[in-house]
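Hi,

Here is the structure I promised to pass on. Have a look at it first, and my notes follow below.

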Amino acid sequence: MASRPAELVRLLLLAGSVAGASPPAAAALRVVATTPDVADMARQIGGDRLDVVTLAEGNQDPHKVPVKPSFVTKLNRADALVVNGLGLEHAFLPPLLEVASNPRVLPTGPAYIDASVYVKPLEVPTSQSRAQGDLHPLGNPHFSLDPVRGKLMAQAIAEGLARVDPQGADAYQAGLARYTALLDEKIAEWAQLAAPLRGVKAVSYHQDLVYLAERYGLELVGTIETKPGVPATPGHLEELIDTMKRDGVALVVREVAYEMPLARTVAERTGAQVVTLATMAGGLPGTSGYVDTLEANLRALVAALQPAPAR
Ligand SMILES: [Zn+2]
């Protein structure tokens, strides 16, 4: 009997601590994302548990992101770093990490989240093909253009976030489930949308469409660049144009970070259509996230196949 009031007080205190006096919400996890694609995925998965900043902009060449001093500060303060991986950031990230004095976000650190870990890379160089330029030394890093591989990226990001912030593990798991469901819905939709691309022959400026082409049955015939990161030579262009004429290439893809005039010249000489695509989220006007950018790319490709309206 004597213990009853004490018990009541204890229960009231407990109730109070749950309902009213809960501790202040933990500060959001400071996440640096190298590309807008992995930034968007992290936001979709982590919601307001995360404060995400992005280094590259969607319309830039991911191999040549201009470095700003503010990047070092962001990396120095980061609780986690999310990267596309497979060497995509090779040109700008290692030197930044060297001066950022944050061992946690180094590739060997616990807060380095590599979105490529579940992706089986295409075009991994063999010793015989080492002359393929030096931009894709670990294989082709442009897998984010395929939404099925996008799901693998999201999974790696969610697991990485849970590793860095174990208290949020359930939230990240739920966020991943929601995002994966959205991607599954889009993947089914886009299979219909992209059906006209099957068997269509295309040339791109840079060797960055291999995963997209494999997904939608586009046949890649060559690139305007001689090798990834190596500019076109007149001899290479003549050879490419001959091949395009012979094979009936319909599309010249000019990625948004590459110059238009050369793509246009190649298209004009071969009767192909030029189509501008984004290689990172937000790279096309009117887009901002991963999903709307992939959709805009597919719509642009399909639209370029339609005959021009009669005047
Ligand atoms: Zn590349």
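To start with the side chains: are His-136 and His-206 buried or exposed? His-136 is buried, and His-206 is buried too (buried means under 20% relative accessible area, exposed over 50%, partly exposed in between, with a 1.4 Å probe and protein chains only).

Before you go further, some housekeeping. This is a predicted model, where local features need pLDDT of at least 70 and side-chain atom pairs count only at pLDDT 80 or more, while totals for chains, interfaces and linings use all residues. Residues are numbered from 1 along each chain as its sequence is written, and side-chain values use heavy atoms, with hydrogens and water left out.

His-136 sits in the loop between β4 (112–114) and α5 (147–164), and His-206 in the loop between β5 (201–204) and α7 (210–216), 70 residues apart. Helices (H or I, at least four residues) and strands (E, at least two) are DSSP runs, numbered from the N terminus.

**Around α7**

β5 runs parallel to strand β6 (residues 219–223), joined by 4 bridges (strands pair if DSSP finds at least two bridges between them). One of the partners in β6 is Thr-223, which bridges to Ser-204.

**Salt bridges**

There are 13 salt bridges in the structure, each a side-chain nitrogen of Lys or Arg within 4 Å of a carboxyl oxygen of Asp or Glu. Arg-149 pairs with Asp-146 at 2.8 Å, N to O, and both residues are buried. Arg-149 also forms a salt bridge with Glu-214, at 2.9 Å. Glu-214 is partly exposed at 46% relative accessible area, whereas Arg-149 counts as buried at 10%.

Lys-151 and Asp-184 make another salt bridge, at 2.6 Å. Lys-151 lies in helix α5 and Asp-184 in helix α6 (residues 169–193), so the pair ties together parts 33 residues apart in sequence.

Cheers
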